[in-house]
Amino acid sequence: MSTQTGIGYDSHRLTPGGPLVLGGVRMESEWGLEGHSDADVLTHAIIDALLGAAGLGDIGQQFPDTDETWRDADSVELLEAVAARLHDAGLAARHVDATLMLEAPKLGAHRDAMRERLAGALGLDPRHVNVKATTGEGVGFVGRGEGAAALAVATVEPLVAL
Ligand code: MG
């Protein structure tokens, strides 16, 4: 077994009232994301990328929204659970790259905190968890401020190779 890669995508609706949680970081905002957990769209995309890389299905299979355990959950706790499931499968996260699509607020001030929190959950150096952000330039559901989306790719390696 060698290096394996996976892709993840997620989107959530924006609703009035915060807080907004992205990459495990709570930020002040007039708008928050709606969902069963904390609706952390960035962390959810990363989780799906990791599960994809490991061949472990997707976030809905691993953490069903019928399971009350995860209601209003801190999604970084789900990410930690994914790291444990990877370990059980003889794998470890090696690198993550993600793009968050959101019209506002600007995320530059929070980027390092997101990288640190996400990397900490995966036992990685923050330089191996890259977070990028882009707006929708006024076009589509992101551009109209109706929601946020995120894309991620992840690489996993066998534990023995680390
Ligand atoms: Mg989600």
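In which helix does alanine 54 lie? Alanine 54 lies in helix 1, where helices (H or I, at least four residues) and strands (E, at least two) are DSSP runs numbered from the N terminus. The model is predicted, so local features need pLDDT of at least 70 and side-chain atom pairs count only at pLDDT 80 or more, whereas totals for chains, interfaces and linings use all residues. Residues are numbered from 1 along each chain as its sequence is written, and side-chain values use heavy atoms, with hydrogens and water left out.

**Nonpolar core**

- The largest nonpolar core has 47 residues, and those with the most contacts inside it are Leu22, Leu42, Ile46 and Leu50.
- A nonpolar core is a set of buried Ala, Val, Leu, Ile, Met, Phe, Trp, Tyr and Cys residues joined through side-chain atoms within 4.5 Å; buried means under 20% relative accessible area, exposed over 50%, and partly exposed in between (1.4 Å probe, protein chains only).
- At least two residues of this core are supplied by each of several elements, including strand 2 (20-22), helix 1 (41-54), helix 3 (75-88), strand 5 (91-101), helix 4 (111-122) and strand 7 (147-158).
- Helix 1 provides the largest share of the core, 10 residues.
- Isoleucine 46 is in contact (heavy atoms within 4.5 Å) with Leu79, Val96, Ala98, Leu118 and Ala152, leaving aside its neighbours within four places in sequence.

**Magnesium site**

- The protein donors of the magnesium ion are Asp10 (OD), His12 (NE2) and His44 (ND1), at 2.1 to 2.2 Å from the ion.
- Donors are N, O and S atoms within 2.8 Å of the metal (3.2 Å for Na, K and Ca); water is not among the atoms, so sites may look incomplete.
- Along the chain, the donors of the magnesium ion follow the spacing D-x1-H-x31-H.
- Because aspartate 10 lies in strand 1 (residues 4-16) and histidine 44 in helix 1, the pair ties together parts that are 34 residues apart in sequence.
- Aspartate 10 and histidine 44 are both buried.

**Helix packing**

- Helix 3 and helix 4 pack at an angle of about 35 degrees, and their axes are 8 Å apart.
- Axes are lines fitted to C-alpha atoms, for helices over the stretch in contact, and angles run from 0 to 180 degrees between N-to-C directions.
- The crossing of helix 3 and helix 4 is right-handed; a crossing is left-handed if the near helix is turned anticlockwise from the far one by less than a right angle, and right-handed if clockwise.
- In this contact, Val76, Leu79, Glu80 and Ala83 of helix 3 meet Arg117, Leu118, Ala121 and Leu122 of helix 4.
- The residues of the contact of helix 3 with helix 4 comprise six nonpolar, no polar and two charged, where Ala, Val, Leu, Ile, Met, Phe, Trp, Tyr, Cys and Pro count as nonpolar, Asp, Glu, Lys and Arg as charged, and the others, Gly among them, as polar.
- Helix 1 and helix 4 pack at an angle of about 35 degrees, with axes 12 Å apart, and helix 1 passes helix 4 in a right-handed crossing.
- Leu42, Thr43, Ile46 and Leu50 of helix 1 make this contact with Met114, Leu118 and Leu122 of helix 4.
- By class, the contact of helix 1 with helix 4 has six nonpolar, one polar and no charged residues.

**Backbone geometry**

- Most residues other than glycine have a negative phi, and most peptide bonds are trans.
- Alanine 39, in the loop between strand 4 (31-33) and helix 1, has a positive phi of about 60 degrees although it is not a glycine; alanine 39 is buried, with a relative accessible area of 0%.
- Glutamate 137, in the loop between strand 6 and helix 5 (140-143), has a positive phi near 50 degrees; glutamate 137 is exposed, with a relative accessible area of 69%.
- A cis peptide bond, with omega about 0 degrees, joins alanine 104 and proline 105; proline 105 lies in the loop between strand 5 and helix 4.

**Alanine 54 and valine 156**

- Alanine 54 is buried, with a relative accessible area of 14%, and touches Gln4, Leu86, Leu91 and Val156, not counting residues up to four places away in sequence.
- Valine 156 lies in strand 7 and counts as buried at 0% relative accessibility.
- Leaving aside neighbours within four places in sequence, the contacts of valine 156 include Leu50, Ala53, Ala54 and Leu86.
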